[in-house]
Amino acid sequence: MSFVPDTFSPSPPSHVPLSCITTQQDHPRDNDDEQSEPSTSQRHDRSPTPPLPEPRADPLVDLPVPPYDAGDDSEVFDVCARRLSTDQSLLYPTRNIQSSDGLGYPPSSASVCSTATNTPLPSRASSPLPFYYSGASSCSSDSESEPESPLLGRAQRQPPWREREREGRRWWALPFGPNNAENWRRRRRWRDVIWGVRSCKRVLRRLVRHPLFPKTPVTILLTLLFLTIFGVSLTFLLIYILNPDKDPLPWRGYCTLPQYSSGPPSLSLSPTALLQTPLPTNLTLPAFPPSDFDALAPAGVFIGVFSMDTAVERRMLVRSTWANHVRSREGAGEGDGGLGTSRTVVRFILGQPRKDWERRVKLEMETYNDMIILPMQENMNSGKTHTFFTWAANASWVPPLYQDNFTRMPEDFSYSNATNPAPVLASHDPVWAHRDQLTHNPPQPWVRPDFVVKADDDSFVMLAELEARLRVELYKDPLPPPPVSDRKTQSSQQSSLWPREGEETAILDFNQIASYFDFALPSYSTRTSSASPALEPATPVEPPSRDPLVFWGYLVKNRFMAGELYALSFALVNWVAQDPLVKTMTHGAEDKQTSKWIRAHPRADEVRWSSERCWIYDHPRAGTVYSHGFLFPSEVQRVQEGVVRDLERLAQQLAKESASTTALAVPAGQNVIAPEKWSHSTVSKFGSRYSPPSSDLTLEYSVEALVEGSDMSMVHDDGSLTADLAWKYREGRWKRYAGRRVGGTVVVHFIKKNMWFLETAAALLHGEDVTSMERALEQARAFEDVDVDVGEGEGEGEESSGESDTEGASDSAPVRDSAAAAATDSSETPNTRTMVRRRKEQGQ
């Protein structure tokens with residue numbers, strides 16, 4: 001039965017003559033309706049066939065001889081190997097199909113070798129090879145050969161695409177023709193894909209067959225657990241490596257040290273540079289607002305809050321809080337009646353809404369009149385910011401000045417004369433604009449804004465504080481132009497990059513391109529342009545515009561302004577909307593792209609980069625490097641005094657190290673690492689989730705605990721400082737703002753939850769101006785100033801009030817001691833707790 005013995009066997013395995021192989025014209029499996037099985041009379045009417053010779057005897061194999069009768073030669077001859085179809089043959093007859101003649105073989109009338117007659121002689125001798133490996137054909141000609149046999153295998157027809165592929169590959173076809181090249185690339189691509197799939201299957205098969213591969217349920221579960229732990233660990237490792245913010249920022253130093261320069265920050269400056277030698281010891285602490293602040297006319301500010309169609313709840317929170325609240329628009333204390341923000345407008349900027357939200361967005365627009373739909377799909381870093389500034393350069397308007405009794409007012413600005421009819425007002429627009437529409441018909445036309453602000457909807461903005469900062473920047477003297485040599489170099493670079501009319505395009509130099517875009521090229525790609533000298537720029541006919549060039553925001557790593565909120569003066573906005581180079585730089589991180597636009601400005605050295613890193617921070621619950629408690633001017637004043645003392649100690653330490661022979665002196669200009677205590681916060685901890693100081697705080701107590709430096713933020717469960725005492729001796733808003741209207745927090749960012757948003761509103765907009773304890777102390781101070789010659793009744797009243805003060809002072813002693821122990825730096829600035837302690841000492 002095996003292949004090898006049958007192949008080399010000397011005796012033929014078969015004695016059936018090939019002449020008995022007949023064709024089957026009417027197989028029962030064929031669905032041929034035109035051909036039918038012949039009847040019995042038709043079979044007997046055929047011509048007789050010579051009898052078949054008797055098979056030769058085989059000495060090795062004795063096979064039974066079929067019982068052929070002499071009188072039935074024709075019928076016996078017809079009973080031969082039955083074919084499965086008209087194009088197949090069998091070497092052995094099968095008897096499992098019953099025929100109409102009762103012999104088990106359907107009739108046949110044609111032979112394989114000839115279509116005319118059947119020969120009684122065998123067509124070939126027996127072969128020593130197996131019948132299914134016979135190389136000789138039993139046919140007399142090639143035209144009558146039939147290679148299709150079930151035992152030899154059915155001939156497979158090639159698919160049409162394979163035939164077309166073979167026809168396309170001719171020896172005269174050029175391999176580099178367009179069609180051939182495309183076909184070759186397609187075949188090569190599919191070949192690579194198939195090879196990759198096969199390789200993966202091969203590797204997977206070897207992996208599964210490896211003896212260490214888990215096969216039992218226990219090993220499979222342990223392996224999955226190990227892979228899960230490994231994946232999670234790898235993910236956190238990559239997050240830590242790719243995260244540039246690994247250490248908390250020294251925000252206390254930001255609130256104390258002045259900015260390096262007002263010009264564009266140099267790219268050679270270290271991202272963490274804060275202190276340089278020699279250390280400043282006699283610096284002037286920054287104070288805001290300046291003394292002549294009220295003499296400056298309000299600035300026109302257009303604020304575009306980036307939102308999306310689904311952020312309906314966040315827009316409603318903005319409308320009801322910082323966009324409309326009186327303390328946000330008028331400031332602290334008694335305020336200014338909304339005059340400072342009378343030219344400040346807030347609008348929501350959206351892309352095209354989706355189909356499901358289109359109707360809702362339209363209804364919201366008609367209801368509140370404060371939404372702008374940009375002609376583009378909603379996105380964050382794919383050109384929305386540039387589209388917004390392009391729209392603002394043409395369609396942004398703010399109310400005019402409603403009073404002209406200011407010492408300094410905007411003059412000689414190129415956009416001052418542009419006006420537009422007053423639009424339909426929103427509910428949170430300035431009260432002065434609403435009053436103007438009620439008293440004037442038609443109302444005064446609106447004008448161009450002085451600043452266009454881009455803000456995120458997760459930012460909480462104090463409008464009075466923002467307008468005050470921008471108002472001061474608006475009236476500052478412009479930066480002096482760069483030296484003549486630098487200006488000539490810059491002009492020559494720009495003239496070589498952008499040829500004037502009538503001139504041929506100059507060959508671009510890689511060094512000039514790199515300097516224009518402010519980035520470094522590798523050494524192998526730079527070359528020196530010596531073909532033609534730089535052309536001198538033509539003398540300007542008109543003097544440069546006096547429009548302010550201001551870029552205001554939070555400077556991140558001395559590179560770019562953070563995207564939560566930044567402001568551009570209208571001259572920069574107009575240039576961004578028209579410059580062709582800026583239009584090619586719209587994709588990418590939008591805050592970084594905006595900084596690149598400003599660096600590419602023709603007068604980039606004259607643009608003032610004003611950074612505010614003290615009063616812009618993240619929510620206390622965010623836990624980021626920019627996060628700390630809610631800041632107020634009173635706490636910042638204590639922080640500044642502590643930083644100044646730290647600078648004095650640090651300067652003495654550096655002086656001792658420089659005088660020592662063993663220690664190396666820090667070279668001049670080298671960055672000095674800021675002390676770790678400058679990043680300390682009494683509220684939030686970097687890298688950990690916020691937890692309240694005590695577990696049983698009420699709603700008001702929990703909001704007070706989020707204020708930086710407050711007694712409530714230093715309450716502990718051990719009882720050293722209780723929440724009731726901390727709430728009793730808290731500071732009022734008038735005390736926290738040091739009696740000024742502005743000068744506090746401008747923006748709180750990273751408000752990812754609506755609860756955080758409401759906490760921020762409660763901390764910055766709510767609260768008493770004067771607490772009950774502060775009111776009692778003021779009354780006590782008033783009684784002490786009374787003349788000693790007052791009446792006896794007044795003396796008794798003073799004595800009773802003194803007793804109440806002494807009793808209150810006895811309660812405040814542990815408060816002051818515990819607060820001094822918990823605070824990182826002490827301050828001599830008088831506050832409520834210091835005054836209570838002094839009253840106690842005087843009473844004793």
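Trainee: Which elements cover the buried residues of H17?

Mentor: In this predicted model, the cover over the buried residues of H17 includes H11, strand E9 (451–456) and strand E11 (550–556). Strand E12 (560–569), helix H16 (570–578) and strand E13 (608–611) also belong to that cover.

Trainee: And which residues of H17 are buried?

Mentor: They are Glu590, Asp591, Gln593, Thr594, Ser595, Trp597, Ile598 and Arg599. That makes eight of the ten residues of H17, so the helix is largely enclosed by the rest of the structure.

Trainee: You mentioned H11. What can you tell me about Ala392 there?

Mentor: Ala392 lies in helix H11 and has 0% relative accessibility, so Ala392 counts as buried. Beyond its neighbours within four places in sequence, Ala392 is in contact with Arg448, Val452, Phe570 and Val573.

Trainee: OK, zooming out. How many helices and strands does the chain have?

Mentor: The chain has 25 helices and 16 strands. Of its 844 residues, 40% count as buried. Among contacts with a separation of 6 or more, 77% join residues 24 or more positions apart.

Trainee: Which residues touch the most other members of the largest nonpolar core?

Mentor: Leu275, Ile303, Trp322, Phe389, Phe460, Trp552 and Leu568 do, in a core of 129 residues. Another core, of six residues, lies apart from it, with Phe288, Ala468, Val472 and Val742 among its members.

Trainee: Back to Phe288, then: is its peptide bond to Pro289 cis or trans?

Mentor: The bond from Phe288 to Pro289 is cis, with omega near 0°. Pro289 sits in the loop between strand E3 (275–276) and strand E4 (301–306). The bond from Asn441 to Pro442 is cis as well, and Pro442 is in the loop between helix H12 (431–439) and strand E8 (446–447).

Trainee: What about phi at Lys557?

Mentor: Lys557 has a positive phi of about 55°, although it is not a glycine. Most residues other than glycine have a negative phi. Lys557 is in the loop between E11 and E12 and is partly exposed, with a relative accessible area of 27%.

Trainee: And where does Ala738 lie?

Mentor: Ala738 is in the loop between helix H21 (733–736) and strand E16 (747–749). Its phi is near 55°, a positive value in a residue other than glycine. With 39% relative accessibility, Ala738 counts as partly exposed.

Trainee: Last one: is Glu700 buried or exposed?

Mentor: Glu700, in helix H19 (residues 699–704), counts as exposed because its relative accessibility is 51%, and the cut-off for exposed is over 50%.

Technical notes:
Residues are numbered from 1 along each chain as its sequence is written. This is a predicted model: local features need pLDDT of at least 70, side-chain atom pairs count only at pLDDT 80 or more; totals for chains, interfaces and linings use all residues. Side-chain values use heavy atoms; hydrogens and water are left out. A nonpolar core is a set of buried Ala, Val, Leu, Ile, Met, Phe, Trp, Tyr and Cys residues joined through side-chain atoms within 4.5 Å. Buried means under 20% relative accessible area, exposed over 50%, partly exposed in between (1.4 Å probe, protein chains only). Helices (H or I, at least four residues) and strands (E, at least two) are DSSP runs, numbered from the N terminus. Contact means heavy atoms within 4.5 Å.
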